[in-house]
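Colleague: I'm new to reading protein models. Could you walk me through a few features?

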Amino acid sequence: MAVQGSLLPRVLAALADPRPPGSDDTCLEKLLDWFRDLTGPAGNPALKLVQDNPCLTEFFNSVLALPEPSPCILSFTLRLAGILAASKNCFQHLQQEKLLGRLFGRAGPLSSAEWEDASVRSGWLDGVCSMMRHQPALHFICSDGAIDVIFALQGDPSLFVASVASSLLVQMLILSVASETTKPPSSKDCDWPACAQVIIKHIEDSLRSCSVSRIEQSLKLLTVLFRTCPATWTEAIWLRIAKQIESFLMEKSVQAENMLASLLLNVARSPVFCNSSSFWVLVTCALEHLNPVHAGPLAVGILKLYQCPQDVNTKALTVLLQPMDCILRAASQPLEYAGLLDESVSDPTTVESLLSSKSSCVSLLCQTLDHLGELLSLVSLPLDLSYASLLQSVMTLLQFCNGFLSPASPLGSTISRILINCFRVQRSALDVIAALAEQKGCDSLIVNLFDVLLAYLESPNTNPTVLKKTLHATSEWLLRLWYWSCSSNQWPQAEKIFEAVFLVLQKRLCSPCWEVRDSSLEFITYLMEHLRGCDVFRQLLLSLEVPRLIENLLEDPESYVRASAVTAFGHLTFINGSAPQSLVGENQYNNENIVTKLQEILSNDPEVFPRRAVIIFFNEWLRGVHTGQLEDTEQFVSRVIQTVEHDLDWEVRLGGLELVEVFCRYTICQLGPPECPDAPASPAVAGSIHQNEPLQVFCRAKLFSFLFQSLCDCDKPVAEKACSILLGLSTSFCPVGALKGSQETGNTPAKRGIAWLQRILKQGSLAQNFPTDGGNGVDFQDPESMMLALGTIDLKELHDELNKSSDHMEKSPQSLLQDILAAVGTTEENEADCY
């Protein structure tokens, strides 16, 4: 089977041309992907592909014959050869052609100047990785000495090359054991296949060496092995290296601590070791001896496994809590102290030393807080945690950061100086504060917590990003406050806190920093979504200046702020819907005035974000609290779609279509399902069409002109949505066979108009100036014409056409090959002297 006629030979000949090619790496990557698809499980045999396309063999020979091949083309060649050699039969064919030795053996690029280029080394490794699917390839690499090259590439200056080399050795080890043994090998050398023995000996020699880089290379290799291979024979490898790993952990100056932690965590995840008591002893040893910075990731990984022994889980949790325990100790006088921990895993002075150093304090605390945040997001923890003590420690940390705490201990004073205004720690701490709002046992600290949060909200020194995090944490705890006050009859206290938050919020809505104004609007919107049933919240919101400030921000100079203001202003309708009428009264922020104001923004705002926010809100409003009369809703929807159909932003137009979809469901729900005529030809049936209430409503609202116009929209998502809505209406109004009479030949003005409409729709986005004013015999507000259009036009065909990927032609193999030919400049015009 020849591939793509004469294009492939021309492309390969152009790529093998000794002149510098103009083809880019992206095209070559796509070409390699194409060959992978051709030779993949569902593709064609690679051997037949090579035999039917001799240009492939010619290409390999041509590139090998070049005195100085381009590194890019040489890398491509190696990777392509590897893809083809992944097939055992094609591998043997390329061997007979004496190509593989020249490409991957000692006589190939290994000894050339091009090898100095990292892309060539990467291409060589990728090629070997691709072919490593069968024993002949394994024996070829091992017998030709190429395995020593892979060992060397583990220490390559290019981290990407080094990583691929480690992964390749793991792939070879797994293939060797899987294909050359019938029973799991033991720890004895004689039980392992020859290639596996070579790799395992290399690992053991590297671990025993004095070279830190060689130790790290083997640890990386083992980490990949235990992450990717859950086979039982990995236990035999572990038994051979466990003593060496233990010796690393017991050294006073542990080498490669982060790699040891990653290795142990991957071994712990393997089901082979879940019941190995000796392994868990080693994990405990690591938790005790690794630096807390490196023990932290191991600890959180252990706690997320669930199948670990309870004592190991306890040790792991203690590792994570130690820095927070130290914060509590540093902030308290000895007699007042109530810590998180009864005992430590490692020497507490180690943690104290890290927290006393400016270079390590922030990184340790941020890492610890991030890990604790991970644990709090779990459905359940494997053991109990004192959430109140943890909350107290994080609050203490936030007080260190804003200078509101004067610690008595020397350590506390040092930590306070390091952390003052440290927004990295503040952000991480506030994330944990927000997560703790969902945990039990913290209610006794609610009042103290809001003192801390309000201090951050009020301070002019609070970083805008930190303020955003503070607002998020505050919103979560205000929800908790509401539930707490309901259950414990603490309304007076809750009301004071709500009022304090609103007063500071009013100041923040007037901030000169637009990010602060934006975050404050998002905060109030979140509260309106979740606290609309809280009387205290509603009363404060409607009685204070917040609605007026939100309305002012509808004219903010920053479009992002205007968009957030639109959302917040719209959500006042939800508050009006749930508040007693005495609260809403005749105020200027009733729903009618709010909707009118937002319609003005949809028509007039020069930037897209506020207009998008309006149409998103209108959709939410129509789905949610809107309970107006159908006639009012019809007029509202009609005004909106007549505005958005001329909007230049496709997302606004798409939002208008979503509004139409919601309105259609709303109308049918109000009036009942449409009555479907049997045949539209007779006057009686025509009369029934005009009595079809949903159809009448849709025509009056000018839905159909908007929908059919959108079918020709140049933005595909808009056209797809319009087609989907029309197809749904067609199914509802015109079941299969109901309008068969409409297909009969005839020359009435209506039918001529529908025929014209069908021709226009087939042009799609090429249709210019789509007329919706009744020209060409189509009256989009006439129910009979629209029923005829829904029953006549093949919307299913249009839908299928629109659902085709817009790049199904551009991504075809033929198009790709043509692009490469154009890029390498093989045409005479490209060879002309431009100068």
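Colleague: Let's start with Asp649: does it count as buried or exposed, going by relative accessibility?

Modeller: Keep in mind that this is a predicted model. The cut-off for buried is under 20% relative accessible area. Asp649 has 11% relative accessibility, so it counts as buried.

Colleague: Which residue forms a salt bridge with Asp649?

Modeller: That's Arg612, with the closest N and O atoms 2.9 Å apart. Arg612 sits in helix α33, while Asp649 is in the loop between α34 and α35, so the pair ties together parts that are 37 residues apart in sequence.

Colleague: How many salt bridges does a search of the whole structure find?

Modeller: It finds 29. One of them joins the side chains of Arg329 and Asp325, at 2.9 Å from N to O. These two are four residues apart in helix α18, which means about one helical turn separates them. Asp325 is buried at 5% relative accessible area, whereas Arg329 is partly exposed at 41%.

Colleague: Now the helices. How do I read the packing of α17 and α18?

Modeller: Two packed helices are described by the angle between their axes and the distance between the axes. Here α17 (residues 292-303) and α18 (residues 310-331) pack at about 135°, with axes 8 Å apart. They are therefore oblique to each other, and α17 passes α18 in a left-handed crossing.

Colleague: And how many residues of α41 are buried?

Modeller: Nine of its 10, so helix α41 is mostly covered. Among the buried ones are Pro783, Met786 and Gly791.

Note on methods: Residues numbered from 1 in each chain as written. Predicted model: local features only at pLDDT ≥ 70, side-chain atom pairs only at ≥ 80, totals over all residues. Heavy atoms only, no water. Axes fitted to C-alpha atoms, helices over the stretch in contact; angles between N-to-C directions. Parallel < 35°, antiparallel > 145°, perpendicular 65-115°, else oblique. Left-handed = near helix turned anticlockwise from the far one by under 90°. Buried < 20%, exposed > 50% of the residue type's maximum accessible area, 1.4 Å probe, protein only. Salt bridge = Lys/Arg side-chain N within 4 Å of Asp/Glu carboxyl O.
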